[in-house]
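Trainee: Pick one part of this model and walk me through it slowly, please. I'd like to hear how that part sits among everything around it.

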Amino acid sequence: TIVGMEGPTVLDFKVGFDQGAKAAKSDVEILSQVAGTFSDPAKGKEIALAQFNQGVDIVFPIAGGTGIGALQAAKDAGKLAVGVDSDQAAIFADSDPAQSDVIFTSVEKRVGDSLYLVLENTIAGTQEYGKTLILGLKDNAVGISRNAQYERIVPADVRAEVDELEKKIIAGEIVVDTVMN
């Protein structure tokens, strides 16, 4: 992982990624570095290339513009990347298909769905204000991109396992760690 700057939302992405990676493979080694910026693609690329040189297979930049450089590094190194915030493969689909093809999924913040929920609760008169509202999969506030790259790169049995794990998270059978409180 490459973290732009440490903060609760960014660290929550990392905590969830780490938990999922360790659940999939308990002895996985996760390298992580804080870039200290969200706006330096060159630094993101430098960090990702250093991580790939240390044997990293997949980079997950949670780093805004800095992360764009990490995605470029994945393309240059022939590695894979997980995008963040929105379907980053879709962003590059027309302008740089080779870049798009290394982003096999993205962890999405579905801000629109979150805002819709709050507006719906406001209209219904049930929205509480002045409190932190933590939303997740069951609220459709986060999720992963299931795009052409996901379908092509991730084997069908792994996609099925991901679907089942999501159901268990939504049902509360698996609790995803968080730094939020």
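Mentor: Let's start with a cut-off: a residue is buried under 20% relative accessible area, exposed over 50%, and partly exposed in between, with a 1.4 Å probe and protein chains only. This is a predicted model, so local features need pLDDT of at least 70 and side-chain atom pairs count only at pLDDT 80 or more, while totals for chains, interfaces and linings use all residues. Residues are numbered from 1 along each chain as its sequence is written, and side-chain values use heavy atoms, with hydrogens and water left out.

My pick is helix α1, residues 8–24. Helices (H or I, at least four residues) and strands (E, at least two) are DSSP runs, numbered from the N terminus. Its 17 residues should span 24 Å at 1.5 Å a residue, and the end C-alpha atoms are 24 Å apart, so the two agree. The expected span is 1.5 Å times one less than the number of residues.

Which residues of α1 are buried? They are Val10, Phe13, Lys14, Asp18 and Ala21. Looking down the helix axis, these buried residues fall within an arc of 125°, so they line one face of α1; the arc is taken over the directions from the helix axis to the C-beta atoms. The background is simple: an α-helix has 3.6 residues a turn, so residues three or four places apart point the same way.

So what sits over that face? The cover of α1's buried residues includes β1, β4, β5 (80–85) and β6 (103–109), with contact meaning heavy atoms within 4.5 Å. Let's take those strands in turn.

β1 and β4 belong to an open sheet of 3 strands in the order β2-β1-β4, with parallel pairing; strands pair if DSSP finds at least two bridges between them. The edges are β2 (33–34) and β4 (61–62), each pairing on one side only. β1, residues 2–3, is joined to β2 in the parallel sense over 2 bridges, and Val3 has Val34 in β2 as its bridge partner.

β5 and β6 are linked by 5 bridges in the parallel sense; Val84, for instance, has Val107 in β6 as its partner. β6 is mostly covered, with 5 of its 7 residues buried. β6 also pairs with β7 (142–144), this time antiparallel over 3 bridges, and Lys109 stands opposite Val142 in β7. β5 also runs parallel to β3, joined by 2 bridges, with Ile58 partnered by Leu80 in β5. At 31% relative accessibility, Asp85 counts as partly exposed.

Ring pairing covers Phe, Tyr and Trp (its six-membered ring) with centres within 6.5 Å; planes under 30 degrees apart count as stacked, over 60 as edge-to-face and the rest as tilted. By that rule there is 1 aromatic pair. Phe17 and Phe60 form it, tilted, with 4.9 Å between centres and 35° between the planes. Phe17 lies in α1 and Phe60 in the loop between β3 (58–59) and β4, so the pair ties together parts 43 residues apart in sequence. Phe17 is partly exposed at 23% relative accessibility, whereas Phe60 is buried at 1%.

Last, the cores. A nonpolar core is a set of buried Ala, Val, Leu, Ile, Met, Phe, Trp, Tyr and Cys residues joined through side-chain atoms within 4.5 Å. The largest has 17 residues, of which Ile2, Ala48, Phe52, Val59, Ala74 and Ile103 touch the most other members. α2 (41–53), α3 (64–77) and α4 (88–92) each supply at least two of its residues, with the largest share, 4 residues, coming from α3. Phe52, setting aside neighbours within four places in sequence, contacts Asp57, Ile58, Val59, Ala73, Ala74, Ala77, Lys79 and Leu80.
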